[in-house]
Amino acid sequence: MEIHVKVNDKPVTWNVSPGEKLLDVLRRDGYLSVKFGCGEGDCGACTVLVDGRAMRACLLLAGQVEGRAITTVEALGTPDAPHPLQTAFVECGAVQCGYCTPGMLLAAYALLRENPKPSEEDVREALDGNLCRCTGYKKIIEAVLLAAERMGRS
Amino acid sequence: MLPNARVCLYPRDPAEAVRVMVEHGKRALVMAGGTTTAMSKDPGFDTLIDLTRMGCDRIELVGGEWRIGCNVRLHDLGVHPGIRKLWSGVLSDAARAVGSRPLRNAITLGGNVVGLFRWSDTPVALLAMDAVFDLVGPDGTRSLEADAFFARHPRQVMQAGELLAGVRIASDDPHGCGAFCKYARTEVDLAVVDVAACLQIDEQGRCSKARIAVGGTRAVPWRAEQAEKKLLGSKLTRRTIESAAATAKQEGKVLSDVRTDRDYRERMIEVIAGRTIERAAASCKERG
Amino acid sequence: MSPKRDFKVVGHSVPKVDGMALARGGALFCADLLPDGCLYARVLRSPHAHARIKSIDASEAEKMPGVHAVIHHGNLPRVMRTTAGQGAPEPSPYDFTTFDVKVRFVGDRVAAVAAESPELAEAAIAAIRVEYEQLEALFDPRRAKQPGVPVIHDEPDCKVVIPIPYEPGRNLASHVDMQVGDMEQAWGEADVVVDREYVTQYAQHTPIEPHVCLAEPLADGRLRITTSTQVTFHVRRIVAQALEWPVSRLHVVKPRIGGGFGAKQEVLIEDVAAFLALRSGRPVFFELDRSEEFLSRTRHPMIIRLKTGMKSDGSLTGVDMDVLSNTGAYGTHGLTVSCNCGSKVLPLYRWPRIKFQAESVYTNLPVGGAYRGYGATQAYFAMEVQMDEMACTIGMDPLDFRLKNHIRKGETSPVFKALGEGSEGVEQSIGSTGLAQCIKKGARAIGWKRKRGKPGKGPIKRGLGMCTLMQGSSIPEVDMGAASIKMNEDGSFNLLVGATDLGTGSDTVLGQVAAEVLGVGMDKIVVRSSDTDVTPFDVGAYASSTTYLSGEAVRKAALDVARQIKKVAADMLGVSHRDCELEGGAVVAGAGKSVSLAEIAMRSLYEKDQHQIAAHASHITHKSPPPFSAHFAEVEVDCETGLVKVRKYVAAVDCGTAINPRLAEGQTEGGVLNGISYALCEEYLFDEKGRMRNDSFRDYKIFSTRDLPELVTILVPTYEPTGPYGAKSVSEICINGPMPAISNAIFDAVGVRLRTAPFTPERVLAALDAKGAE
């Protein structure tokens with residue numbers, strides 16, 4: 001069936017089975033920042049925003065996102081002007097292997113939109129569904145707080 | 001991936017949802033947040049029914065009771081200021097105890113209740129709070145009290161084509177307090193044991209009402225009725241609470257699973273029930 | 001070499017060279033690179049722990065439209081080898097072939113297919129009919145060598161390729177022992193002898209990106225394998241061995257990889273994709289799902305008996321360590337992981353007498369492999385809990401006990417020579433150690449004197465524990481890393497290294513070394529790594545080698561390039577090359593004389609005596625200088641539930657010069673949290689048939705942001721004379737600390753010793769019950 005969505009503000013029509021996973025549809029459509037990690041909703045590598053909220057693309061069927069707005073990391077910043085979160089992640093050493101990074105960034109982005117001045121606890125809560133095995137999370141949390149501070153100032 | 005799904009339907013209200021559920025019967029996969037249904041690979045489904053477009057997504061205080069629509073997402077429930085006060089936040093604490101943030105963003109209250117797993121957190125709170133469950137079905141609407149609703153698995157209690165439109169909870173009694181405790185191995189793990197306690201204290205400081213619900217240990221959450229009896233009429237001293245908790249441990253069968261064995265889980269019922277009742281009693285005392 | 005030098009790039013936390021591309025979600029990983037017409041591979045796995053395959057009927061699968069290849073033991077050559085991903089000749093037994101007639105654990109390979117979609121591949125797998133003869137299974141490593149138990153490798157062609165003990169008929173995958181001094185004397189002289197057993201569990205690396213690869217037949221008859229690996233060159237050699245091809249026909253590329261931690265040292269999936277690609281003539285993509293990832297490779301579970309003696313003043317009289325390692329169904333890394341129990345652990349203290357014995361045995365359970373820490377993790381649990389107990393026995397502060405007994409600069413240990421990689425090791429003395437500083441600084445940061453021994457009231461008790469650690473840096477006289485550098489028109493350089501960046505930041509660190517020598521910023525260094533057609537050789541990312549080993553190769557190549565640059569510059573400036581220095585993107589020859597690197601490059605490429613300024617260098621090491629570390633844990637023990645929570649964790653690390661301090665901290669923090677999670681909750685659970693019961697992230701929990709305690713990392717700089725700019729390794733050491741430090745902290749809090757890991761609430765509660773019953 002035809003599924004009409006907005007991906008990164010661009011209207012898109014998918015002609016797919018409504019029973020396909022959003023993760024597979026997005027990747028096939030070239031949104032390769034959305035990663036496969038477990039396919040079972042436990043790791044967060046496939047996190048996308050659906051109407052601004054962080055969700056698992058592996059736990060959403062295509063039919064469920066009809067009419068919704070989907071955001072992937074491709075929408076954050078540009079090569080010349082990265083998003084403050086991206087800059088902070090790189091500066092703080094929050095990126096090691098980078099496989100969890102797009103999901104982490106989106107979860108953080110959603111948090112900062114609803115809560116521009118999060119506490120460390122708020123950050124931990126917002127990122128608790130995104131597993132990372134490289135960093136021990138410390139520098140990821142620091143990066144989100146740094147980005148929030150910078151965005152608050154500008 | 002559902003290999004044979006051809007169409008997804010988006011009913012605009014509960015009546016329409018019931019109509020399409022009846023029409024498509026077992027060939028339809030009915031989804032709310034979709035976090036459990038998305039894993040299905042069942043070739044028998046040719047239709048999806050997305051329940052999240054039919055409204056029922058509000059939290060309202062109407063005539064002395066809170067009405068929570070089935071499509072309220074757990075994250076919203078967890079941070080709602082009114083629900084955080086209701087019975088000292090028993091339900092909001094339970095909602096925040098569920099999984100991780102992206103799951104709480106997706107899972108609806110209706111899905112968490114109707115798709116009940118042994119470790120589901122919000123049903124435990126709803127049972128302790130004595131919530132009322134409003135069902136809409138092919139034969140009209142009906143309401144069930146929590147005890148009846150959780151007598152068996154909700155899917156067995158509900159009829160074919162019936163859906164849970166929302167729950168209602170009497171707004172807070174000035175003497176009513178509660179607590180919810182989830183005990184799990186890590187912060188983002190399924191519960192080993194959940195306990196929710198709702199207590200009322202009379203003018204003399206005695207317990208006049210007690211509902212203690214336990215989850216994580218059987219197919220459905222259950223009330224520790226013998227423990228409740230120990231609390232009723234008492235002043236909720238440490239000793240009474242300990243004795244009630246010890247009683248709760250002995251109330252019926254407990255399951256083992258990959259998380260832990262039966263003995264440990266039974267022992268945790270006592271520990272967590274004790275702590276939950278203590279916390280509820282403490283918040284009663286704080287209120288005076 | 002002076003430790004005082006004021007570095008321009010080294011020692012600075014420059015951003016990772018690939019950081020922004022990753023943060024922008026670039027298509028950089030293997031699964032992002034699928035060509036059109038790609039097929040999907042899927043493996044049929046054994047439902048039985050031990051069985052002989054009586055027959056395979058794949059005819060139905062072969063007939064399915066869209067299925068392009070089906071492979072199994074009946075249609076592939078039998079080439080005995082190992083998947084271990086080590087240098088040649090490997091110290092792991094050749095007990096594996098791509099598909100065998102026997103299956104040896106639940107999840108072992110039976111057959112594989114390539115089909116046009118993942119679903120079709122799944123359906124094809126389901127259509128393969130296999131008849132098994134079930135055999136009695138062996139799960140208990142303690143029983144492995146007993147007469148009459150099932151023999152797991154009864155095939156006549158399994159063997160070892162270097163002269164080491166191997167007795168598959170007794171399920172013995174490896175044996176190693178050493179002794180220095182008379183142990184009777186050790187115990188006779190001792191006032192206190194402690195003899196304990198420690199048990200560690202099955203655990204997994206859980207890289208967030210599972211094992212994944214892509215095999216593409218090329219027009220010229222070669223095959224390109226793009227794979228998420230730590231050992232690009234070993235993949236080429238080992239897949240060539242499996243295919244019975246010359247390595248020249250293979251091109252192996254490592255893109256960005258989503259974590260490895262040792263799991264991706266194993267050459268575990270590339271052979272399957274390669275065979276399927278050759279059979280089908282199509283590109284084949286093979287990605288493990290999460291449950292398969294759990295059955296890929298694991299940390300060897302061990303039973304370690306440790307006997308130690310000391311005098312009442314705390315001086316040591318002797319140590320006897322006996323390791324029984326469960327290598328599972330195949331012997332990969334069995335010998336070397338168990339060797340490391342001795343070689344990375346026993347030299348830390350000045351034992352006058354040492355006895356060490358380690359065996360790894362086969363069982364019908366998942367396969368052990370390389371995992372960050374590599375045996376040191378398991379053995380440090382035993383050693384450091386026992387050191388704590390010994391100190392407590394004589395009423396000495398465990399911290400002072402370590403300060404008294406740890407190895408000093410200039411000292412050696414007989415263990416270095418006695419234990420190598422299946423042969424003798426290499427003698428070395430300690431060239432640098434900041435361990436005493438680590439202990440002192442860490443103790444201050446955790447509040448050791450102030451908080452220790454104060455469990456507090458109520459059901460939740462607090463405690464502090466500590467431990468000390470060392471590891472190594474590369475495998476001396478075995479590992480080799482190489483680098484080449486060439487200069488471009490704009491004064492930039494291509495740095496080509498065989499070394500493998502698995503997310504650790506080695507591309508950045510190696511770039512920093514080159515930039516430091518060449519007097520340029522990181523923007524002038526273009527790093528390309530791990531491509532067998534393009535870059536020079538490197539053994540790959542394991543044994544904590546890249547910074548120390550490959551870093552020195554880069555430094556040597558860069559020095560050669562610098563010499564060539566100076567020669568041209570000297571000619572341009574009319575000075576002696578001895579007066580030239582490289583700095584700020586130019587050659588400076590004092591008194592205002594300078595010429596930019598771009599000018600030098602243009603001249604050398606286009607103008608006079610035209611030549612490519614370029615060099616390559618290789619490096620092997622004659623030492624494996626240990627990094628040192630002191631770890632401190634503050635825990636809360638809930639005496640009613642048994643739940644242990646770490647509140648604060650301090651890791652003070654001496655990794656020599658931290659080439660990139662932020663990346664060194666990141667290695668430490670990642671290792672520490674992985675170690676905490678391993679100590680407290682990570683554990684494989686099996687049913688009575690040997691099937692893993694918790695093969696998902698839902699049931700096998702690794703720590704999330706909400707489980708993270710306060711982490712403090714303290715880098716204690718030293719200067720290792722044999723490392724690039726004084727550097728040693730940092731990547732593995734810190735995963736070893738949490739298990740003993742937490743066990744010791746639990747003892748401080750509630751007075752029970754946890755010697756079986758992980759410290760689950762059930763185990764802690766049982767220990768408390770046992771203590772209460774005393």
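**Exercise 1. Find out which residues C:Arg402 touches, leaving out those up to four places away in sequence, and decide whether C:Arg402 is buried or exposed.**

Step 1: Start with the neighbours. Contact means heavy atoms within 4.5 Å. Not counting residues up to four places away in sequence, C:Arg402 touches C:Tyr349, C:Glu384, C:Met387, C:Asp388, C:Ile439, C:Met466, C:Cys467, C:Thr468 and C:Asn744.

Before going on, keep in mind that this is a predicted model, where local features need pLDDT of at least 70, side-chain atom pairs count only at pLDDT 80 or more, and totals for chains, interfaces and linings use all residues. Residues are numbered from 1 along each chain as its sequence is written, chains are lettered from A and ligands numbered from 1 in the order in which they are written, and side-chain values use heavy atoms, with hydrogens and water left out.

Step 2: Look for a polar contact (a pair of N or O atoms within 3.5 Å; within protein, one must be able to donate a hydrogen and the other to accept it, and residues adjacent in sequence count only if both atoms are side-chain atoms). The side chains of C:Arg402 and C:Tyr349 make one, at 3.5 Å.

Step 3: C:Arg402 sits in helix α10 of chain C, residues 398-405. Helices (H or I, at least four residues) and strands (E, at least two) are DSSP runs, numbered from the N terminus.

Step 4: Check accessibility. Buried means under 20% relative accessible area, exposed over 50%, and partly exposed in between (1.4 Å probe, protein chains only). C:Arg402 has 0% relative accessibility, so it counts as buried.

**Exercise 2. Describe the interface of chain C and chain A: how many salt bridges does the rule find?**

Step 1: Count residues. Chain C brings 53 residues to the contact and chain A brings 46.

Step 2: Get the buried area, which is the accessible area (1.4 Å probe) that two parts lose on being put together, summed over both. Here that's about 4,000 Å², with 59% of it on carbon and sulfur atoms. On chain C's side, C:Arg24, C:Ile208 and C:Thr705 supply 19% of the area, more than any other three residues.

Step 3: Count the salt bridges (a side-chain nitrogen of Lys or Arg within 4 Å of a carboxyl oxygen of Asp or Glu). The rule finds 7 across this interface. C:Arg706 and A:Asp128 meet in a salt bridge at 2.8 Å, N to O.

Step 4: Among the elements with at least two residues on chain C's side are α1 (19-23) and α17 (661-680). The largest share, 9 residues, comes from α17(C).

**Exercise 3. Now take chain B against chain A: which element of chain B gives the most to the side that touches chain A?**

Step 1: Here 31 residues of chain B are in contact with 28 of chain A, and the buried area is about 2,300 Å².

Step 2: The rule finds 5 salt bridges. A:Asp128 turns up again, meeting B:Arg104 at 3.1 Å, N to O.

Step 3: Several elements of chain B supply at least two residues, including α2 (74-79) and α5 (101-106). The answer is α5(B), with 6 residues.
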